[in-house]
Amino acid sequence: MSGAGGETKPGPQARPGPGERLSDALYGLGWSAVKTLPEPAARALFRTLADQVWKRRGKSVLRLEANLARVVPDAGPERLAALSRAGMRSYMRYWMESFRLPTWSPERIKASIDVTDAHRLTEGLDAGQGVILALPHLGNWDLAGAWVTTDLKVPFTTVAERLKPESLYDRFVAYREGLGMEVLPHNGGAAFGTLARRLRAGGLVCLVADRDLSASGVEVSFFGDTARMPAGPALLAQQTGALLLPVTLSYDDTPVMKARIHPPVGVPESGDRAGKTSVMTQALADAFAVGIAEHPEDWHMLQRLWLADLEPREDQQGGDQQ
């Protein structure tokens, strides 16, 4: 499960630049310092940080707002501004919780999430069937993972994006492994093979699956336009017989995050592998869209997603794509 950046691994001789070293230092400070603050102070600090970032109207905020405009197409400028501000607060809540999560007791983790239809997951695991949980960048997927490992006491395997500098990626891996997750680097076939073996053994795999990192994903209709999402969850389900379950997360005005496990996405009875993968990935996209439409402010998509935003349009003539 992954939350930031793209698949950008420096070469064997690459050395991190000043900006990358600063990023690593800041994340290290966050993990070491934020967890020691009283919780009300931490919440107030990150809410203030969110508002400051939002007011600067940088590229990430503008991209978030552009993405939200597709999710809520009838929203005017004031509504979009309010949504993007709430979105940055939700995003910073994710980071605040994640920095503090390693210090939470199993009881605190259990009390911090309310899961609807958890039986869909537990019944699949109890039957000895491998299970794939596929999530969008919605709410706090790390908290959901911690609930799985601490409350259900089920280990699982996930994939993390490569981050620069390498030391920052190592921090993310160590953090998630500390929560009981097996973390694989996003490096194509090797990760896929390991995930397939875990599923054939009746294990659990969790994947954040609303943004394709390979540029060879599956085209889906998403909020009225074409986007590309990873084929991995559907292919894994086809090849291993695992149960494929979409999951959506959301916040409200309470400290408790809400989670919903949607009905399973089945493998079509007819069609070739590519056709089946397309149908299944579209079903995932549709389930993601339900959760995102209900809580757009909790969708932490600060990157380009739709093909129209990724590819130059004729009328832009090479202009800025932001």
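Is asparagine 67 buried or exposed, and what is its relative accessibility? Asparagine 67 counts as buried, because its relative accessibility is 0%; buried here means under 20% relative accessible area, exposed over 50% and partly exposed in between, with a 1.4 Å probe and protein chains only.

Colleagues, before I go on, a word on the source. This is a predicted model, in which local features need pLDDT of at least 70 and side-chain atom pairs count only at pLDDT 80 or more, while totals for chains, interfaces and linings use all residues. Residues are numbered from 1 along each chain as its sequence is written, and side-chain values use heavy atoms, with hydrogens and water left out.

Let me begin with the overall picture. The protein has 12 helices and 9 strands; these are DSSP runs numbered from the N terminus, helices being H or I of at least four residues and strands E of at least two. Of the 322 residues in the protein, 49% are buried. Among contacts between residues at least 6 apart in sequence, 78% join residues at least 24 apart, where contact means heavy atoms within 4.5 Å.

I return now to asparagine 67, which lies in helix 3, residues 59-71. Neighbours within four places in sequence aside, asparagine 67 is in contact with Trp299, Met301, Gln303, Trp306 and Asp309.

Helix 3 also packs against helix 4, residues 77-100, at an angle of about 120 degrees and with the axes 9 Å apart. Axes are lines fitted to C-alpha atoms, for helices over the stretch in contact, and angles run from 0 to 180 degrees between N-to-C directions. Helix 3 is therefore oblique to helix 4, since angles under 35 degrees count as roughly parallel, over 145 as roughly antiparallel, 65 to 115 as roughly perpendicular and the rest as oblique. On the helix 3 side, the contact is made by Val61, Leu64, Glu65, Leu68 and Ala69. Helix 4 contributes Leu80, Ala81, Leu83, Ser84, Gly87 and Met88.

Seven strands form an open sheet in the order 1-9-8-2-5-3-4, with mixed pairing; two strands pair if DSSP finds at least two bridges between them. At the edges are strand 1 (113-116) and strand 4 (181-185), each pairing on one side only. From one strand to the next, the twist averages 25 degrees. Strand 4 pairs with strand 3, residues 156-160, in the parallel sense over 5 bridges. Within that pairing, threonine 158 has valine 183 of strand 4 as its bridge partner.
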